[in-house]
Amino acid sequence: PYSIASHHSAAEVWEFPMPPFADDGKLHITRLTGMSPQRRDGVSGHTGQMFAGEICVVDGLPLTSRERTWLDLAQRLPIPDLTVIADYLMRIPRPEYENRMTPYATKESLQAAIDRHSGKRGIRKARLALELSRIGADSPPETLLRLALADAGLPEPLVNTAILDAGGNPHHQPDLSYPVYRVAVEYEGAGHSESDQVERDISREERIRTLGWTEVRISRRHMVDGGGAAVSKVRSALIAAGWRPDPPDRRDGRKCVSQA
């Protein structure tokens, strides 16, 4: 009684895009403040205050809400991974592909969770992750790529925003884009190696090239070691399009993706 699945266990039920290192193999259970935490083999016990709406029931299992689960994860996850989950929760679904019409959470609902638990451990990371989050990312690699570009001092790209032709007609929506410089950035996951998808990708690149855009294609290998290779490719395309980086003394203040 009074035990609630939480943290990584609740994240598994909610199907959060968790980093591989986060799975400690334990069942995470939270009890209300003032009660003794669960102490059993294979269990990580927690205690905490629960506000209205922070406990849900899924298939008979009581667990923390999506917003509260995200906030609890701030105790351990680094800021980039918290931002990935925030982007996932706030993403506006595509009804033609998904059986839902509304996002799992909003920036306001995540902020409300932060405000209710202002003294909670990890709260500073949660605030920074929410500040870095954006609506529109369709996958964790897209979010991590966007954060790597920002951390390297590059301009902030738009997320899944349609390219417009001279008449204002919308065309393809790149994962990330810089309309001022007409640079589109596409992250290509494993599905892009299939023959039909390769043909579609080639056709897409040809179409945006006729509109005067440059496409930068990023794959998994570009994202190793913090995404340095991806940053280099995007930076080169932006410089070729006329962008010039700020002097180092102005750029230093932008580095905000901390692991702390």
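Predicted model: local features only at pLDDT ≥ 70, side-chain atom pairs only at ≥ 80, totals over all residues.
Local features need pLDDT of at least 70, side-chain atom pairs count only at pLDDT 80 or more, and totals for chains, interfaces and linings use all residues. Residues are numbered from 1 along each chain as its sequence is written, and side-chain values use heavy atoms, with hydrogens and water left out.

Start with helix α4, residues 107–116. Helices (H or I, at least four residues) and strands (E, at least two) are DSSP runs, numbered from the N terminus. Leu 110, Ala 113 and Ile 114 are the buried residues of α4; buried means under 20% relative accessible area, exposed over 50%, and partly exposed in between (1.4 Å probe, protein chains only). These residues lie on the same side of α4 because they cover an arc of only 100° around the axis, taken from the directions from the helix axis to the C-beta atoms. The face turned away from the buried side carries the exposed residues Glu 108 and Asp 115.

Next comes an open sheet of four strands, in the order β6-β7-β8-β9 and with mixed pairing. β6 (158–159) and β9 (214–218) stand at the edges with a single partner strand each, so one side of each has no neighbour in the sheet. Two strands pair if DSSP finds at least two bridges between them. Strand β7 (residues 176–178) pairs with strand β8 (residues 183–187) in the antiparallel sense, over three bridges. The bridge partner of Tyr 178 is Val 183 in β8.
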